Amino acid sequence: MIKIGKESDNQYIVDDPHVSRHHAQLEKQEDGVWLLIDLNSTNGTYVNDQQVARKRVNTKDEIRFGEHVCSLSDILNQHNDYSEEFALLKGIYDRYIESKVKIQSSNQFKTRLLQSIPFALLGVVGVTLSFLEKGSPLLMVISFIVMVCAPTIGIFLGAKQSAKVPRQLQHIANQFKIDYVCPKCGTFLGEIPWESLRNRKQCPVSSCKAKWINE
């Protein structure tokens, strides 16, 4: 629970003459949503310019106590609570892993396909020769060239496809390093699974210590 008002015993202190000493409070519900409750304040509590007594709020709502306008994020961040922003990192981590797996799986398929095409060509040549005059010097030369070149072409095509993978992985890794950071201090969290970070409950950077889990 986060108490809001102009008295020093509140968790979120609002220095405004139109704000009561104990103006309102935020309570986190079992489903994770915050409930804003007005504590019979003199000038009322407003959400999106509508006076409320009790209302569930999110980070998109505009909250006003007296003349003081803020958001849910402002209140939580002053309380060093970054649980909502941290929860969004789970989607970032999951999408990053899915993208890596997709790139690697797609590469394996395309590499094997490209390496197989020249050998399939050998089979076509063999079938063709079986229906044509086997003793033809020209056909024998063509058959020999295909047999010699096919493996080389397969290796070349496979290597060319594999060469694309590091660039693709680097691209998503660069974006991941920008997005997968502590919502308060911006420190990159590495490729540590989101669930493991959740168990830590707060940022390990000593100068930050942002709360990732609100209990």
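I began with Arg56, which counts as partly exposed because its relative accessibility is 44% (buried means under 20% relative accessible area, exposed over 50%, partly exposed in between, with a 1.4 Å probe and protein chains only). The model is predicted, so I noted that local features need pLDDT of at least 70 and side-chain atom pairs count only at pLDDT 80 or more, while totals for chains, interfaces and linings use all residues. Residues are numbered from 1 along each chain as its sequence is written, and side-chain values use heavy atoms, leaving out hydrogens and water.

I then looked up the partner of Arg56: Asp31 forms a salt bridge with it, with the closest N and O atoms 2.6 Å apart (a side-chain nitrogen of Lys or Arg within 4 Å of a carboxyl oxygen of Asp or Glu). Asp31 lies in the loop between β3 and β4 and Arg56 in strand β7, so the pair ties together parts 25 residues apart in sequence (strands, E, have at least two residues and helices, H or I, at least four, as DSSP runs numbered from the N terminus).

I found four salt bridges in the structure. Lys90 and Asp94 form one of them, at 3.0 Å from N to O. These two residues are four apart in helix α2, which means about one helical turn separates them.

I also recorded a salt bridge between Glu191 and Lys100, with the closest N and O atoms 3.6 Å apart. Glu191 is in the loop between α4 and α5 and Lys100 in helix α2, 91 residues apart. Lys100 is partly exposed, with a relative accessible area of 22%.
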